[in-house]
Amino acid sequence: ENAPVSDEEVVSKLSAVLRDIDNTKNNDADNNLETASITTIIESAGGVLSPSSSSPFNKTTTADHWGWSTQADLYAPLRIPVVFVGDGKLGGISVTLSSLEALWTRGYRIDAVVFIEGEGDADNNEYDSIQFGKGNAEALREYMSMRHQIDPSKEVYDELLRDDNAIVCLPPLPPMPIPLDEWYRSNEGSFLRLHQLLDKKWIG
């Protein structure tokens, strides 16, 4: 606060941290199998097109306002693969598709999409039994299949269709303040399959 850093500095510092992690993994690879297989996850702040921190040091700064960029533009120089958390609520397919298209146009590789079912609306029992997350996951598969048929040269659509485990739908999170331990345990199979898929893509 009161000392906002530029997007360039954020990317530079993050790149340095990632290099340190890689160096540690490489140095320990012969002695510590667990360290050698560590996966690093970077969680963005907000949605794909949510703003980064505005800063007077950003290139888009003008005399009238501090410059800022979107989360997708901020991390684009890192060329990192994405596990995207889709919107599992009613109407969420539009937000999900818009976000994915924004990432694809910026050159991101989407390795998996995870939907989490939205919680039931206490004031609208009519929708409680409808699995919108599962429906959104199916709609995403249909959309990518149609887009791939229209333009087979675009591998971004085919990438998520190659493996059934690349699009995952999980049940609703328990209400706060219930811990997530049991939720994770009950979905262990889904997480394991996703982890195996990402290991194959990221480690080989």
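Student: How do the residues lining the largest pocket divide into nonpolar, polar and charged?

Tutor: They come out as 30 nonpolar, seven polar and five charged. Ala, Val, Leu, Ile, Met, Phe, Trp, Tyr, Cys and Pro count as nonpolar, Asp, Glu, Lys and Arg as charged, and the others, Gly among them, as polar. Before we go on, this is a predicted model, where local features need pLDDT of at least 70 and side-chain atom pairs count only at pLDDT 80 or more, while totals for chains, interfaces and linings use all residues. Residues are numbered from 1 along each chain as its sequence is written, and side-chain values use heavy atoms, with hydrogens and water left out.

Student: How do I read a pocket, and which residues lie nearest the centre of the largest one?

Tutor: Rolling a probe the size of a water molecule over the atoms shows where empty space is left. A pocket here is an open set of points, on a 1 Å grid over the protein atoms alone, where a 1.4 Å probe fits, with protein on both sides within 12 Å along at least five of seven lines; lining residues have an atom within 4 Å of a point. In this model the largest pocket holds about 1,600 Å³ of space, a volume filled by probe spheres set on points joined across faces, edges and corners. Of its 42 lining residues, Ile41, Ile42, Val82, Val83 and Trp202 lie nearest the centre.

Student: Which elements give two or more residues to that lining?

Tutor: Helices H1 (7-28), H3 (71-75), H7 (181-186) and H8 (188-202) do, along with strands E1 (82-85) and E2 (110-116). H8 gives the largest share, six residues. Helices (H or I, at least four residues) and strands (E, at least two) are DSSP runs, numbered from the N terminus.

Student: How many helices and strands does the protein have?

Tutor: Eight helices and three strands. From the N terminus on, they run α-α-α-β-α-β-α-α-β-α-α.

Student: On to the inside. Which residues have the most contacts in the largest nonpolar core?

Tutor: In soluble globular proteins, nonpolar side chains tend to be buried together. A nonpolar core is a set of buried Ala, Val, Leu, Ile, Met, Phe, Trp, Tyr and Cys residues joined through side-chain atoms within 4.5 Å. Buried means under 20% relative accessible area, exposed over 50%, and partly exposed in between (1.4 Å probe, protein chains only). The largest core here has 34 residues, and those with the most contacts inside it are Phe84, Leu103, Tyr108, Ile110, Val113 and Leu140. Take Leu103: leaving out residues up to four places away in sequence, it touches Val48, Ala72, Val82, Phe84, Tyr108 and Ile110, where contact means heavy atoms within 4.5 Å. Across the protein, buried residues make up 30% of the 204 residues. Of the contacts with a separation of 6 or more, 63% are between residues 24 or more positions apart.

Student: What about aromatic pairs: how many does the structure hold?

Tutor: A pair of aromatic rings is described by the distance of the centres and the angle of the planes. Rings of Phe, Tyr and Trp (its six-membered ring) pair if their centres lie within 6.5 Å; planes under 30 degrees apart count as stacked, over 60 as edge-to-face and the rest as tilted. The structure holds five such pairs. In one of them, Trp183 and Phe191 have ring centres 5.8 Å apart and planes at 70°, so the pair is edge-to-face. Phe191 also pairs with Tyr184, and that pair is tilted because the planes are at 45°, with the centres 5.5 Å apart.

Student: Which residues do ring pairs link into a cluster?

Tutor: Trp104, Tyr143 and Tyr157. Tyr143 lies in helix H5 (residues 132-150), and touches Leu97, Glu101 and Tyr157, again not counting residues up to four places away in sequence. Tyr143 and Tyr157 are 14 residues apart in sequence and 8.8 Å apart in space, C-alpha to C-alpha.
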